[in-house]
Amino acid sequence: MTMILNNKRILLGVSGSIACYKALDLTSKLVQNGAIVDVIMTEAACKFITPLSFQSISRRPVFTNLWDSGHGDIGHIEMGNSTDLAIIAPATANMIAKLAHGLADDLLTTTILATKAKVIVAPAMDGNMYYHPLVQENINKLVKMGIIIVGPNEGRLASGLISKGRLSEPYEILGHIRAILGKGGDLKGKKIVVTAGGTQEPIDPVRIISNHSSGKMGYALAEIARDRGAEVILVTAATALPIPVSVEIVPVKTAADMHIAVEKSLENADALIMAAAVADFRPTILSNQKLKSDKQNLNLSLTKNPDILGTVKGNFIKVGFAAETQSLETNARKKLLEKDLDFIVANNIIEIGSGFGSDTNRVVILDKKGSINALPTLSKQEIAEQILDKIVEIIQ
Ligand code: PMT
């Protein structure tokens, strides 16, 4: 669960498109993250999917009709007033046209006119419709009004056409919601550089030396820092994770690449958090041909990689991780001193539910003043919150 969505009131407007099914997934993700989701469906949306589906996931009444007396106190004015953020996903060409011209002929359009909250519109339609000059003009009007347009994405559409028009994926929309809600957070105006993933050191054109890092810890840090208003640069080795929204991504392969990218990113940075698992050694010789596999033994000569965290210098908070299998605190404290860090996150990587690949982690945070904070097993998002709390504390 991410803190930024906890107890936030989100108004989700759903208009009539085959992409309505994705709005169910979005509702589920919002609810799982603690948001209170009020769904308004247009009449056309109800032809694709039933209000009951949204009601089952949001566990709240779903509204479909401006004239329905069942709203009680939560009429369109009240709903518009009480929402932290409104999102229309999917937004059809018709819905976008109505919004662009201020029409208010149903509950959704009326409520959007009545809200002062930020509005996100995620279009979904066939490619030819999307590129029609009138639709483009209407979208531009919405942008000028300060409405945030998310997507659409390129891909296969219901008509079979490969074009722009697909509703953005729910995780992307969720990323935009989190970024917008977090704009005024306690890291506003701060620049944070995060590293993630395991570097890959090539042996030959086929083989690499790497490690088990999935990037989850680093990505959680980047996303939570963004949720708290920071400008974030994520220097990332290859991972299978979706690219976070509103975060500057710098992809790298090797430790040497990461070193260069981190140095560059650090200009005017307030903090560097190195969650990446950097390969300590690389093959001394990179073979430009595939090594033959017909031998019984193969000896590789390895050369030490630069210690990125140990060498970067500047006026920023330096945070390291220590991936350990034994003597956790002793080894971590040694790294804290050797690398001249503000604090280090000692990570027991052999405990169940901790370390590489898992969604949770178990860490002890040790700082240069001697304080020790042993945390229970928490989600990587919760660990990220704790690390960022400590950064805020130091900045203050
Ligand atoms: O990615 P996940 O699957 O979510 O897993 C998370 C994690 C286990 C990778 C993460 O929590 C973690 O512990 N990252 C640090 C891994 C590591 O390389 O630890 P280390 O003890 O070897 O290095 C100490 C610190 O120096 C680290 O911050 C590392 O990024 C940095 N380092 C290491 C070597 C090097 N040449 N340059 C460095 O900057």
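1. The loop between β5 (148–149) and β6 (153–156) holds Pro-152, and the peptide bond that joins Gly-151 to this proline is cis, with omega at about 0°. Since the model is predicted, this value, like the others in this note, is a property of the predicted coordinates.

2. A cis peptide bond is also found between Ala-89 and Pro-90, where omega is about -5°. Pro-90 belongs to strand β3, which spans residues 85–91, whereas Pro-152 sits in a loop. As background to both points, most peptide bonds are trans.

3. Asn-268 is placed in the loop that runs between α11 (255–265) and β13 (271–274). For context, most residues other than glycine have a negative phi.

4. Turning to the ligand, 27 residues lie around it, and those that come nearest are Ser-213, Ser-214, Lys-335, Asn-347 and Gly-357. Gly-357 also places a backbone N or O atom 2.7 Å from an oxygen atom of the ligand. From the side chain of Lys-380, an N or O atom lies 2.7 Å from an oxygen atom of the ligand, while a backbone N or O atom of Pro-306 is 2.9 Å from a ligand nitrogen atom. How much of the ligand's area does the protein bury? Taken alone, the ligand exposes 770 Å², and 95% of that is buried by the protein.

5. The last point is the pairing of helix α9 (residues 170–181) with helix α10 (residues 216–227), whose axes come within 7 Å and cross at roughly 45°. Angles from 65 to 115 degrees count as roughly perpendicular and those under 35 degrees as roughly parallel, and α9 and α10 are therefore described as oblique to each other. On the α9 side the contact is made by Gly-175, Arg-178 and Ala-179, and on the α10 side by Glu-223, Ile-224, Arg-226 and Asp-227. By class, the residues of this contact divide into 4 charged, 2 nonpolar and 1 polar.

Terms used. Residues are numbered from 1 along each chain as its sequence is written. This is a predicted model: local features need pLDDT of at least 70, side-chain atom pairs count only at pLDDT 80 or more; totals for chains, interfaces and linings use all residues. Side-chain values use heavy atoms; hydrogens and water are left out. Axes are lines fitted to C-alpha atoms, for helices over the stretch in contact, and angles run from 0 to 180 degrees between N-to-C directions. Helices (H or I, at least four residues) and strands (E, at least two) are DSSP runs, numbered from the N terminus. Angles under 35 degrees count as roughly parallel, over 145 as roughly antiparallel, 65 to 115 as roughly perpendicular and the rest as oblique. Contact means heavy atoms within 4.5 Å. Ala, Val, Leu, Ile, Met, Phe, Trp, Tyr, Cys and Pro count as nonpolar, Asp, Glu, Lys and Arg as charged, and the others, Gly among them, as polar. A residue is near a molecule or strand if one of its heavy atoms lies within 4 Å of it. A polar contact is a pair of N or O atoms within 3.5 Å; within protein, one must be able to donate a hydrogen and the other to accept it, and residues adjacent in sequence count only if both atoms are side-chain atoms. Accessible areas come from the Shrake-Rupley method with a 1.4 Å probe; for residues, only the protein chains shown count as cover.
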